[in-house]
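Good morning, colleagues. Please look at the structure on the screen while I describe its sheets, a few of its helices and its nonpolar core.

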Amino acid sequence: MDWAFIAGGSKGIGLAMAEALARRGFHLILAARNEEDLRKAKALLETRHGIQSEICSVDLSLAGATKKVSEWCKSKTGELKVFCYAAGLGGSRDFPLLDTDALQTMISLNLQAAVLLCQELLPLLKNARPSHILLTASMAGFAPIPAKNVYSSTKTALLTFSYSLNQQLKNDGISVSCLCPGPVFTKPAIEKETLRQLGWMGRQMAVPPDEVGEYAIKEMLRGKLVIIPGWLNRLLSHFLRFMPRRSLAWIYHRFGKPVQQDADDT
Amino acid sequence: MKHCLMICALLLLSFLPGTARQPASRLLHYDAPFTLEFPGPESCGVSAGQRDSTGLSDSTGSWAVVAGGSKGIGYGISEALARRGYNLLIIARHTDTLLKAKAQLETAYHVRVEILAADLAYDSAAAKIGQWCTSRNIRLKVLCNVAGLGGANDYLSLPLDSLRYMVRLNVESCMALSLTLLPLLEKNAPSYILNVASMAGFAPIPIKNMYSATKSAVVFFSYSLRYQLEDKNISVSCLCPGPVYTKPEIVQDTRAKLGGFGNSMALDPHTVGEYAIKKTFKKRLIIVPGFLAKVSSSVIRFLPRRWITNIYGSKGKKAEKKARKKAEAEAAGAKTPS
């Protein structure tokens, strides 16, 4: 009778994580923006895996949303075994093309809400020790990508945060993991954009969302800190961490193709 | 072992394409403490008279915006800009420190200083500053994003509002202000953006969790922005200082957590500000003031993040233990006399 909370669990990688957890018999609490998607996810998970689930429709980028969610979560269960944060906003429309509101939404959703929820749910996680935190960053967090400026900045902050938090909670019996996937084709728009940018390489690097979710949950339960799905991505990540950031930023800038299409949410 | 790693790191950095422009000797070059004297109010007449007069004080002069420029490193940066004849718009939270900074700078240097009391963590601040600049149509040449919140408390003991404020001020205000002022900077190119991060942005520091996370975002933002604005002739720099003694609390905190090493790495805000501005105008991307800080930052960037986190973590625990022992000893000392 263990409970898991997944922020952004109605679609994409978040839903895959939810499914991987349901397969292991966890009861689920899902929070996401779109209520219809949430209902679908709930129905799917309950019929397929016979678990209990609760849903909460909320926009985590809004002020006060994390407080609402954490209080709602506390009303459902006294202890939480797993907290996954899979909500995030990317897309090809980044820094100079953004307006200040979009910038704020992106920072709130990718960084602020994750950090706040971690602290707010910590008492619940402490009640169910040993417990697990899984934050979703990206391979974009390993090196600055000029074309995805704010995205890669917020994701690196989340990665840094995970490293620190892991160290801080080590002796409390709470493991902290950070999922850093390469391209994941959760939507046709992402597939198109990735193939345009990376071509053949993108096709080789891409991992289906189901596999990403399953691998992430498996490694999280083993207490791994940085989780990178796909062997080619793991190999590349070593290269990215070893090279000076400046050279990488230059490579990304020089060989990246200019942005063509419009904004897309993840 | 450590020395070997340092040398390897420096060699490697100097051979790779992005850094190849800087010869290795530059990385090792020790920047002697700054020799320009800081003129007090009494010498202002002389310094103003000696300055080449290209209409410095009227609205056609070059302007610089310094967000968070009334105290500490920000004031050091303001002073360095004023010395170079830039008119200043200084933004900070408190009017009294702003007025003090304005008075000091205007008497010491022959420049105009405008002040704006605003909390940069609020949504409207960037828009307000943008409006001020565009309505006066100033020749904006330099934007310095200095405002930031650190503090000795770590993530686990900070209230939620402080966390929110930290993300807002350290990350969002810097991005929002750059975005708002971008058209003006583009119009007055060549121009400069200087973001102030920290050495904490190079690797995770568990005892300064949120601070190092937000500063790492600023470092990444600067790297990306540098290449995004390259064609527009706007140079982006990122100042990553080690410990800077701006406040007595910071002096204490650094000595407790980093010991003698931290103390010898520390610099004063004047030196940091002057060095930062000098390198900004030389279009340097990552600016690390001080020789010891330069060497440590190369090592930090070279080593695996997990090692660094562990090293910082054990340092932090030792400091915590020491503080606890000290508090216990004090409590015992307080008990015995009574």
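This is a predicted model: local features need pLDDT of at least 70, side-chain atom pairs count only at pLDDT 80 or more; totals for chains, interfaces and linings use all residues.

Strand E6 of chain B, residues 234–239, is joined to E7(B) by two bridges, and these strands run parallel. Strands pair here if DSSP finds at least two bridges between them. Within this pairing, B:Leu239 has B:Ile287 of E7(B) as its bridge partner.

Residues are numbered from 1 along each chain as its sequence is written, and chains are lettered from A and ligands numbered from 1 in the order in which they are written.

Strands are DSSP runs of E with at least two residues, helices are runs of H or I with at least four, and both are numbered from the N terminus. Chain B has seven strands and twelve helices. Its seven strands form an open sheet with parallel pairing, in the order E3-E2-E1-E4-E5-E6-E7. At the edges are E3 (113–117) and E7 (286–287) of chain B, each pairing on one side only. Across E2 (87–92) and E3 of chain B lies helix H5, residues 95–108, which runs at about 175 degrees to E3(B). Such angles, from 0 to 180 degrees, are taken between the N-to-C directions of lines fitted to C-alpha atoms, for helices over the stretch in contact.

Let us turn to chain A. Seven strands form an open, parallel sheet in the order E3-E2-E1-E4-E5-E6-E7. Its edge strands are E3 (53–57) and E7 (226–227) of chain A. Six bridges pair E5 (131–136) with E6 (174–179) of chain A in the parallel sense, and A:Ser131 stands opposite A:Ile174 in E6(A).

Which residues have the most contacts inside the largest nonpolar core? They are A:Met17, B:Val65 and B:Leu88, in a core of 180 residues. Such a core is a set of buried Ala, Val, Leu, Ile, Met, Phe, Trp, Tyr and Cys residues joined through C-beta atoms within 7 Å; buried means that 20 or more other C-beta atoms lie within 10 Å of a residue's own, with C-beta atoms placed from the backbone. Helix H4 of chain A, residues 100–127, gives the most to this core, with 15 residues.

Finally, buried residues make up 45% of the 338 residues in chain B.

Terms used. Two residues are in contact if their C-beta atoms, placed from the backbone, lie within 7 Å. A residue is buried if 20 or more other C-beta atoms lie within 10 Å of its own, exposed if 12 or fewer, and partly exposed in between; C-beta atoms are placed from the backbone.
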